[in-house]
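Some notes for the file follow, as numbered points.

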Amino acid sequence: MTTVHTETSTERIPGRSWTVRIVGHGRTSASVTCSTPACRMPARSDDLAALRAFAARHAAAHAKAATVRPNAWCHCGSQHCGAHPDTKTHCAGAVLMILRHDPVMRRVWSVEEVCETCAPLIPNATVLARAERPRRTPDRAPAARNPAPVRPVVAGGFSSPAAPGAGEPAPVRRSRRSTQRSRPRR
């Protein structure tokens, strides 16, 4: 008999990266490549504007199709933080999906799973998505299912501390003057 594992794994896995690149062929033609071998790319062309538009749409399609995995390692960290060599840091925080595209070069688009610490340090990066936080299950949060006991309300808006016999009504207190007046005068 086989069983299917339905819970998400807590084991860390490598962060993913997709790179879409325009490669020039001589002075007049270029082609688009993708780091995913299964992706179909257009043929070599001399229409560079059309190739740039295709490359941008293709990178966006990878970002849209991918779900950010909360247990992924930072892809930038696995590359020894080469995307931000001037600023050293330790990878930490939630996993984000970013798009890197240098508007000056306009030839490379990268979609990557990186950590919250590295993302702001990477030049020309735009955050596309954040990993979904793990949902709390009823087993982890018993206090959320069981409401706190109701405390009796005391005049003036204060609540009384929980004490033994807190469910019983408090004795009525009388002032000394009222007991003195009720005594017969001599």
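1. A disulfide here is a pair of cysteine sulfur atoms within 2.5 Å. By that criterion the structure holds zero disulfides. C76 is in no disulfide, and the nearest cysteine sulfur, that of C118, is 4.0 Å away. For C118 itself, the closest cysteine sulfur is in C115, at 3.6 Å, which is too far for a bond.

2. On provenance: this is a predicted model, in which local features need pLDDT of at least 70 and side-chain atom pairs count only at pLDDT 80 or more, while totals for chains, interfaces and linings use all residues. Residues are numbered from 1 along each chain as its sequence is written, and side-chain values use heavy atoms, with hydrogens and water left out.

3. Are these cysteines buried or exposed? Buried means under 20% relative accessible area, exposed over 50%, and partly exposed in between (1.4 Å probe, protein chains only). C76 counts as buried because its relative accessibility is 3%. C118, at 0% relative accessibility, also counts as buried.

4. Helices (H or I, at least four residues) and strands (E, at least two) are DSSP runs, numbered from the N terminus. Helix α1 takes in residues 48-65, 18 residues in total. From its first C-alpha to its last, α1 reaches 26 Å, close to the 26 Å expected at 1.5 Å a residue; the expected span is 1.5 Å times one less than the number of residues.

5. Which residues of α1 are buried? They are L51, A55, H58, A59, H62 and A63. These residues lie on the same side of α1, because they cover an arc of only 140 degrees around the axis (the arc is that of the directions from the helix axis to the C-beta atoms). Exposed residues A49, R57, K64 and A65 are carried by the face turned away from the buried side of α1.

6. The cover over the buried residues of α1 includes β1 (17-25), β2 (29-34), β3, β4 and β5. Contact in this sense means heavy atoms within 4.5 Å.

7. Two backbone angles deserve a look. Most residues other than glycine have a negative phi. C81, not a glycine, has a positive phi of about 55 degrees. C81 is placed in the loop between α2 (75-78) and β3 (95-101), and counts as buried at 9% relative accessibility.

8. N124 is likewise not a glycine and has a positive phi, of about 60 degrees. Its loop runs between β4 (108-115) and β5 (125-130). With 39% relative accessibility, N124 counts as partly exposed.
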